[in-house]
Amino acid sequence: MPVVRIGDRQVGTGCPVFVIAEIGINHNGSLETARKLIDGAVEAGCDAVKFQKRTPEVCVPREQWEIERDTPWGRMTYIDYRYRVEFDAEQYREIDAYCRERGIQWFASCWDEPSVEFMEQFDPPCYKVSSASLTDLPLLEVTRRTGRPVILSTGMSTLEEVQNSVKLLGTDNLVLAHTNSSYPCPVEELNLRMIATLKEMYPEVPVGYSGHEVGLATTWAAVALGAVLIERHVTLDRAMWGSDQAASVEMPGLKRLVSNIRDIEQAMGDGIKRVYEGEQAARKKLRRV
């Protein structure tokens, strides 16, 4: 059965579900908020936290740089806003030290090639390729050349696009994550049976689920359907400013999410019918024949 090692964890069938708390840019450029989100992920029992790293002048089209928008920090150009929510090297060094102190792994989804080079200084356990970047083949090539495991999200993509990206990346040290890239995603568009489809297509690749829905039940269903990795955006308050906050899980919900994932893991069993010791008394008392 396929297994990929991410840091000190193994990800694959038969392993505990690898749970990622996606901080993304929900920190809104605040280290204090980022630390609180890391604390919440640790307390909930998550395996890792994930950030997003962009080089604004690369990711933002030039014609959008000077477009002004209202933000919690006043009215500013879009390029200034993108810089406002990015952490620099010194801030990421603080995040790195804090995650080490709290005993949780951290990594990032990089949206451009310079961001991969930037993140390499922190020796991340893996990289995440966002659904938006699935067709960015030069970015995939740079990410793969690091030699680190890659988690590839498959939202907003055709099956052919997924196949082309997997062909470029290769199936070694790869984890696929089924997702829908609507924020938040309507439940009727989650298409959780794609988890099984991806498993059938790539039996040598672990398959997980990155959810952007409101609520937790469908993420638990993904685990029951065989997802070996779970990623959910997290926030201190879903009413906070930011495009990803509404589709995120608050800290009490994150605790329930992880706790019930662990219950589901135990409940799935091995599919072999047996009479358990706890049933013996009822069997003796209630069976007539």
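## Asp 123 and the α5–β8 loop

Asp 123 sits in the loop that links α5 and β8; helices (H or I, at least four residues) and strands (E, at least two) are DSSP runs, numbered from the N terminus. Its phi is positive, near 50 degrees, and it is not a glycine. Asp 123 is exposed, at 53% relative accessible area. Exposed means over 50%, buried under 20%, and partly exposed in between (1.4 Å probe, protein chains only).

This is a predicted model: local features need pLDDT of at least 70, side-chain atom pairs count only at pLDDT 80 or more, and totals for chains, interfaces and linings use all residues. Residues are numbered from 1 along each chain as its sequence is written, and side-chain values use heavy atoms, with hydrogens and water left out.

## Other backbone exceptions

Most residues other than glycine have a negative phi, and most peptide bonds are trans. Asn 173 has a positive phi of about 55 degrees. Its place is the loop between α7 and β10. Asn 173 is partly exposed, with 34% relative accessible area.

The bond from Tyr 183 to Pro 184 is cis, with omega near -10 degrees. Pro 184 belongs to the loop between β10 and α8 (194-201).

## Helix α6

Helix α6 spans residues 137-145, and its buried residues include Leu 139, Leu 140 and Val 142. Gly 147 follows α6 and has a positive phi near 80 degrees.

Strands β1 (residues 3-6) and β2 (residues 9-12) pair antiparallel over four bridges; pairing requires at least two DSSP bridges. Val 4 faces Val 11 of β2. Two residues separate the strands, and Gly 7 has a positive phi near 60 degrees.
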